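Thanks for asking me to look this one over. Here are my notes, in the order I would read them with the model open.

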Amino acid sequence: MEHYTMNLTLKVWRQKNKKDKGSFETYSVSDISSEMSFLEMFDVLNERLVHEGKEPIAFDHDCREGICGMCSMYINGRPHGPWEGTTTCQLHMRAFKDGDTIVVEPWRANAFPVIKDLIVDRSAFDRIIQAGGYISVNTGNAVDANAIPIEKDKADTAFAAAACIGCGACVAACKNSSALLFLCAKVSHLTLLPQGGPERKTRVVDMIAQMDKEGFGSCTSTGACEAVCPKEIPITNIARLNAEYGHAGLTSDK
Amino acid sequence: MFKSNIPDGTLDKKWEDYKDHVKLVNPANKRSLEVIIIGTGLAGASAAASLGELGYKVKAFCFQDSPRRAHSIAAQGGINAAKNYQNDGDSTFRLFYDTIKGGDYRSRESNVYRLAAVSASIIDQCVAQGVPFAREYGGLLSNRSFGGVQVQRTFYAAGQTGQQLLIGAYQALERQVALGNVEMFTRHEMLEIVIIDGKTRGIIARNLITGELERHFGHAVLLASGGYGNVFYLSTNAMGSNVTAAWKAHKQGAYFGNPCFTQIHPTCIPVTGDHQSKLTLMSESLRNDGRIWVPKQKNDPRKPGEIPEGERDYYLERRYPAFGNLVPRDVASRAAKERCDAGYGVGTSKQAVYLDFASAIERYGKTECRKHGIENPTAEEIRHHGTEVIKEKYGNLFDMYAKITGEDPYTTPMRIYPAVHYTMGGLWVDYELMTTVPGLYALGEANFSDHGANRLGASALMQGLADGYFVIPYTIGNYLAGEIRTAPIPTSHAAFEAAEKIVSDRLSQLKNINGTQSPESFHKRLGKIMWDKCGMARNEAGLKEAIDEIRALKAEFWRDLRITGDIGEFNPELDKAGRVADFIELGELMCQDALMRRESCGGHFREEMQTEDGEAKRDDANFSFVAAWEYKGDSNWELHKEQLEFEVAHPSQRSYK
């Protein structure tokens, strides 16, 4: 792999706090290695800002290996930037070339208010899980793990849905700010498994009610969410969710 | 309270007897007992969920924006359990024995046996929660092997086992939040322990969004705040992982156990340059199918594919025929360092070895072709089918490697090198997981307890969940039964006020230095000292130098630190500065501990103490103890020793040959 260095112009959203109006600031960075990750490029810029006595750009990040779901930059009009199936922290600078201008914004959605600069409040996702995104089993109540055989295909599909990292890219990409891809991933994960059966109906109804309450928009099946999901959660899970919701609504027993 | 409190009785009966006789708290009393939990990884989230279910009033804290983001989420390969589903001779005793031996006989027998004994229940619990473990076509659970072990006892969910287990625990936790049993505080950092009349009674936490300090009362406080690998700056830990909660506890009287026992993981993506902010692990599970090698010729300029089979040195298979590529982590790491130091390293930095999947792809490919009825398959067909199998097993890891390096590991071997991954050391705890401060507990990686001087792969997840789901719900009752008459202490109490003042003074002190260097730059320099002198190999002269250098760095830190922004607002620079200040102090203690321990054991390799063929040489006569350090003031610690008694697993020279 050939390595190279580049000079870039960054237009970054700066917003002091939730109440501040916010605006773009322009920065130039030089000698950025193509081997750096996108966030390491931000580290370089921040280190320079601190050195100049200016406040560094606040952004969420933690594991930097694409699994914790904390990083959340909207890069050149696309959540997590240009690579498919990739979080911002796994995006590397070889995706860009010398002289590029890169625009970086926070997630934009009413349900995700900005806390500072590129950091937003995603606690609405936790509250959606609280509404029913679990199986009610207390510690110590379990039967032997192999007492419940599960078809491999079903287990694999449940796993693929459970791979959701709760980053919120789906909401940021959606023109309606819908959280349906996030929600259907959890509903699919739990519905596909026999353990999730007993609470199947209440779960989907309660979680959707909570989603509406949080101020997320409706789904109009555009598919932008699927296109940007770093874990490539398929939109077919939304179809499964709709079927589950219909089934729960059309049957009288709980 | 420096007493291990190991129950009497034979090893296999201790935990059962303990549970039969431990004090209980009745449901009505549980409702008025409050428990604070710091950290929401596997240990913290499982403890919060389980204690909430039992009826205790729980407050849980994490610095991330959601409890689901704790770094347990990044664990890849799997979780061990003595289920013996494979009928390959596994048992509680074998898991216990492998763990003790893997830890190079520096852990407590009774704790390790309990861990092995509850391991099977963890898998049951996780499956009941809907954790989607990998399954066979018959619908039953699948297993694989990990290092230092000759059975298949590792349960997994592709390369995302930690994520799936944590989401299981997180969902259980959120359910308790919904029921009102647990109150969750995200983006909060614990900055002080409050002690009243010798007992832990609460904490001071900082709301990271507003910058406000908060006082929280608890009848007990559980630290499940993870390990301190980030003291090395570059590690596989998350950027936010830190020692601060444990360090505050240490300075308030909790002894620190075996601080120098750190795990350097053999298979990580090598460093590429100064800009590097963290290192990424490639799961140990890859060693099931990957073969590690370097060229037989020094400084070989050829590409890996151009080097014929006969000119490759599969050095682990050569040195350790019985375990081959699946030797424990400390052994594999040192062997890689040895080859690279001797001039056989590969890649531009020459600080890397190959992890090669070609023969596994061929082996699986042939089996698959047979399964699909393809007679006389072409090399292309074999490759195609074999790649599919590897993709299913490790797809996400291969993708991650490709994204970071820009190379395709399906066609060219991975380049890997050891990196800091886990810390076996941590707060000293007794059998009940209580630290030396009454009412203060440590769970998971934050404690020192189960892994001795080296942790076996897939055992961290096991320990975190064992502590949270199956140990603390019993042991905490034994303490809280004595607290049922203690009414909640108002946080206007003088002790809370004093603790808050300590915190606010320290924050102002940090902020008012008004120097020129960022917290990040100090962290980087500390990491370099630690890696060079207290890393994979240590010696007396180097450790002494390191201590001097760290002291000098500390003085410079408190003289020339610059924090932008203000205290009373969201300020990641301030958060980072506090953590780096604690890491600097910890770094010194680690070097002191490594200097004191004049033996090699597990991940602690003193160059002066090695066998003729370069293996770690233990000194059981003088060092068969847990080093528990008591904080006595600035750069001043007193060593206490907990002698280790081995009644069942008698220490012997660890051999994987």
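The points below take chain A and then chain B.

1. A word on conventions. This is a predicted model, in which local features need pLDDT of at least 70 and side-chain atom pairs count only at pLDDT 80 or more, while totals for chains, interfaces and linings use all residues. Residues are numbered from 1 along each chain as its sequence is written, with chains lettered from A and ligands numbered from 1 in the order in which they are written.

2. Chain A overall. Chain A has eight helices and seven strands (DSSP runs numbered from the N terminus: H or I of at least four residues for helices, E of at least two for strands). Along the principal axes, its C-alpha atoms fill a box of roughly 65 × 45 × 35 Å.

3. A helix pair in chain A. Helix α6 (residues 200–214) and helix α8 (residues 236–250) of chain A have axes that come within 9 Å and cross at roughly 110° (lines fitted to C-alpha atoms over the stretch in contact, with angles from 0 to 180 degrees between N-to-C directions). α6(A) and α8(A) are therefore roughly perpendicular (65 to 115 degrees; under 35 is roughly parallel, over 145 roughly antiparallel, the rest oblique). On the α6(A) side the contact includes A:Val204 and A:Ile208, and on the α8(A) side A:Leu241 and A:Tyr245 (C-beta atoms, placed from the backbone, within 7 Å).

4. Helix α6 of chain B. This helix covers residues 161–179, and its 19 residues should span 27 Å at 1.5 Å a residue, which agrees with end C-alpha atoms 27 Å apart (the expected span is 1.5 Å times one less than the number of residues). Since 17 of the 19 residues are buried, α6(B) is largely enclosed by the rest of the structure. B:Gly180 follows α6(B), with a positive phi near 85°.

5. The sheet in chain B. What is the strand order of the open sheet? The order is β6-β7-β8, with antiparallel pairing (at least two DSSP bridges between two strands). β6 (188–196) and β8 (213–217) of chain B are the edge strands, each pairing on one side only. From one strand to the next the twist averages 25°. β6(B) and β7(B) share eight bridges, and B:Glu192 has B:Ile204 of β7(B) as its bridge partner.

Key: A residue is buried if 20 or more other C-beta atoms lie within 10 Å of its own, exposed if 12 or fewer, and partly exposed in between; C-beta atoms are placed from the backbone. Two residues are in contact if their C-beta atoms, placed from the backbone, lie within 7 Å.
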